[in-house]
Amino acid sequence: MAVFFGMATGVPFPPLWKIAVQIAVFFVMEDTWHYWTHRLFHWGPFYRYVHKIHHQYSAPFGLAAEYASPIEVMFLGFGTVFGPVLWCAVTQDLHILTMYLWIVFRLSQAIDAHSGYEFPWSLHRFLPFWAGAEHHDVHHERFIGNYSSSFRWWDYLLDTEAGPEASKRRRARAEAKSRKVQ
């Protein structure tokens with residue numbers, strides 16, 4: 001489909017800056033799709049019949065990232081593939097090398113988030129808004145909140161962060177609100 005929209009497959013390869021910018025855009029697009037789809041999968045029948053398979057591991061490990069029902073893989077995978085295809089349809093500027101690298105980075109990110117360990121090279125150490133393993137571990141521990149795949153901003157903005165820091169912020173907001181009411 002991307003070739004239909006003009007994806008390049010030959011040489012020369014795109015410059016590294018262009019590959020980096022496009023992959024960064026794909027991460028933002030995929031994270032948005034993942035947040036809303038993942039949040040939907042935590043609702044009633046979607047959780048019970050589709051997503052619960054993925055949550056069989058409350059202490060996830062790298063390969064658990066891909067342990068999911070075929071329906072979930074199809075829906076969440078759509079976000080991984082649709083972003084670049086949409087980009088290509090709109091800009092007609094995408095190279096297959098960028099697509100390959102994007103898929104490698106996205107799979108690496110999913111495995112890293114499910115590894116249960118913050119490696120010294122984990123992006124969370126350099127980008128404070130990157131979700132990382134600790135963020136996703138809390139999701140698998142509590143089965144609620146922390147729905148984003150890569151970035152924390154959707155969880156922060158929509159108040160779906162889970163964990164001690166988020167609980168502390170909610171308590172502080174509730175206390176401030178109750179003081180205003182008095």
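Predicted model: local features only at pLDDT ≥ 70, side-chain atom pairs only at ≥ 80, totals over all residues.
## Overall architecture

The chain contains 7 helices and 0 strands. Taken along the principal axes, the C-alpha atoms fill a box of roughly 65 × 35 × 35 Å.

Of the 182 residues in the chain, 38% count as buried. Among contacts between residues at least 6 apart in sequence, 59% join residues at least 24 apart.

## Helix α1

Helix α1 covers residues 16–41, which is 26 residues. At 1.5 Å a residue the helix should span 38 Å, and its end C-alpha atoms lie 36 Å apart, so the two values agree.

The buried residues of α1 are Ile19, Gln22, Ile23, Phe26, Phe27, Glu30, Asp31, His34, Tyr35, Thr37, His38 and Phe41. These buried residues pack against five helices: α2 (44–49), α3 (70–91), α4 (96–113), α5 (132–142) and α6 (153–157).

## The largest pocket

The largest pocket has a volume of about 400 Å³. Its lining comprises 23 residues, of which Ala65, Glu66, Leu76, Arg106 and Ala110 are the closest to the pocket centre.

Helices α1, α3 and α4 each supply at least two residues of this lining. The greatest contribution to the largest pocket is that of α4, with 6 residues. By class, the lining of the largest pocket divides into 8 nonpolar, 11 polar and 4 charged residues.

## The second largest pocket

The second largest pocket holds about 240 Å³ of space. Its lining consists of Ala24, Phe27, Phe105, Ser108, Gln109, Asp112, Trp121, Ser122, Leu123, Trp130 and Phe151. The elements that give two or more residues to this lining are α1 and α4.

Helix α4 provides the largest share of the lining of the second largest pocket, namely 4 residues. The lining of this pocket has 7 nonpolar, 3 polar and 1 charged residues. Phe27, one of the lining residues, is also among the buried residues of α1.

## Gln109 in helix α4

Gln109 is located in helix α4 and belongs to the lining of the second largest pocket. Its relative accessibility is 6%, so Gln109 counts as buried.

Leaving aside neighbours within four places in sequence, Gln109 is in contact with Phe27, Trp130, Ser149 and Ser150. Two of these partners, Phe27 and Trp130, also line the second largest pocket.

## Trp153 in helix α6

Trp153 is found in helix α6.

Not counting residues up to four places away in sequence, Trp153 touches Val28, Asp31 and Phe129. Of these, Asp31 is among the buried residues of α1. Phe129 is 24 residues from Trp153 in sequence, and the two are 6.6 Å apart in space, C-alpha to C-alpha.

## Glu118 in the loop between α4 and α5

Glu118 lies in the loop between α4 and α5. Its relative accessible area is 14%, and Glu118 is therefore buried, the cut-off being under 20%. Leaving aside neighbours within four places in sequence, Glu118 is in contact with His124, Arg125, Ala131, Gly132, Ala133 and Glu134.

Two backbone nitrogens are found beside polar atoms of the Glu118 side chain: that of Ala133 lies 3.2 Å from such an atom, and that of Glu134 lies 3.0 Å from one. Glu118 and Met74 are 44 residues apart in sequence and 28 Å apart in space, C-alpha to C-alpha.

## Ser69 in the loop between α2 and α3

Ser69 is placed in the loop between α2 and α3. Ser69 has a relative accessible area of 5% and is therefore buried. Not counting residues up to four places away in sequence, Ser69 touches Val50 and Ile53.

Note on methods. Residues numbered from 1 in each chain as written. Heavy atoms only, no water. Expected span 1.5 Å × (residues − 1). Buried < 20%, exposed > 50% of the residue type's maximum accessible area, 1.4 Å probe, protein only. Contact = heavy atoms within 4.5 Å. 1 Å grid on protein atoms, 1.4 Å probe; cavity = no way out; pocket = protein on both sides within 12 Å on 5 of 7 lines; lining within 4 Å. Points joined across faces, edges and corners; volume = space filled by probe spheres on them. Nonpolar A, V, L, I, M, F, W, Y, C, P; charged D, E, K, R; others polar. Polar contact = N/O pair within 3.5 Å; in protein donor to acceptor, adjacent residues only side chain to side chain.
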